[in-house]
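Please keep the model open as you read.

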Amino acid sequence: MDIFEKTYFPQAEDCTEDGLLRLLEDAATAHSVRLGIDHDQILARYGCVWMLSRSWYRVPGPPAPGEPLRIRTWVSQLEGWGTWRAHQIGESGESLELWVLVDAQARKLVPISRIPMPEGLALEEGQKLPAKVPPLRGGAPAGSFTVEEADLDVNGHMNNTRYVRRALALLWEAGDCPAFFPELRVTYSRECRLGETISLAADRRPEGILLSGQGPEGKPRFGIFAQG
């Protein structure tokens, strides 16, 4: 199994939930380049792009500014429509993500068999897939945001880390939430585009906070379950 490893020295902006996700994204991108399955190569050869469908991480706490943080990542298991990517974060943190393959023009799922991938992959013993974030029925309004240029990525839609950044920023503005969530699950349902206004609803539960982002048409775009 091909494993990519890099030691980071986090800056202040990396010591947040979305900052940690950016470090994981950086490691995953570098590994994908090495495997020949990064965005540019997949788009040029097969007309497809990667999109994140689900993600989950669990860490003891936020990264410490200036302290070395080793991140290891590998492709963990292939599915019919995508692939699981695992991360080891420091000594005891972990992450698992489901990436799907999408036709760049039609914006429809295509089988992972469309592109060459490493063979013989399987989830490690004891590793559990994160459950999807459950739908939020109702919930209290928690504000809204409009997708800006700074939120976009190479696919022309909102970057996965920015969903978390923009949603949690609304919680922090309202107060009554921890400074950092050591466990986070995200389910991405639909793309968020430049100029769209996304409304957020929240449901505070004993085990954490359930957040749901809806587009202007009233349909769910993403769900976040944050545990403190």
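What follows looks at the helix pair, then at the salt bridges. Do keep in mind that this is a predicted model.

Let us begin with helix α1 (residues 17–35) and helix α3 (residues 160–174), whose axes come within 8 Å and cross at roughly 170°. Angles over 145 degrees count as roughly antiparallel, and α1 and α3 are therefore roughly antiparallel to each other. On the α1 side, the contact is made by E17, D18, L21, R22 and E25, while α3 brings N160, T161, V164, R165, L168 and W172. Sorted by class, this contact has 4 nonpolar, 2 polar and 5 charged residues.

Buried residues in α3 include Y163, V164, L168 and L171. After α3 comes G175, with a positive phi near 75°.

Now for the salt bridges, of which the structure holds 14.

| Salt bridge | Closest N and O atoms |
|---|---|
| D2 and R34 | 2.7 Å |
| R205 and D203 | 2.8 Å |

D2 sits in the segment before β1 (4–8) and R34 in helix α1, so this pair links distant parts of the chain, 32 residues apart. D2 is partly exposed at 34% relative accessible area, and R34 is also partly exposed, at 47%. D18 and R22 both lie in α1, 4 residues apart, about one turn of the helix. Here D18 is buried, at 3%, whereas R22 is partly exposed, at 27%. Elsewhere, E5, R70 and R72 are linked in a salt-bridge network.

Notes:
Residues are numbered from 1 along each chain as its sequence is written. This is a predicted model: local features need pLDDT of at least 70, side-chain atom pairs count only at pLDDT 80 or more; totals for chains, interfaces and linings use all residues. Side-chain values use heavy atoms; hydrogens and water are left out. Axes are lines fitted to C-alpha atoms, for helices over the stretch in contact, and angles run from 0 to 180 degrees between N-to-C directions. Helices (H or I, at least four residues) and strands (E, at least two) are DSSP runs, numbered from the N terminus. Angles under 35 degrees count as roughly parallel, over 145 as roughly antiparallel, 65 to 115 as roughly perpendicular and the rest as oblique. Contact means heavy atoms within 4.5 Å. Ala, Val, Leu, Ile, Met, Phe, Trp, Tyr, Cys and Pro count as nonpolar, Asp, Glu, Lys and Arg as charged, and the others, Gly among them, as polar. Buried means under 20% relative accessible area, exposed over 50%, partly exposed in between (1.4 Å probe, protein chains only). A salt bridge is a side-chain nitrogen of Lys or Arg within 4 Å of a carboxyl oxygen of Asp or Glu.
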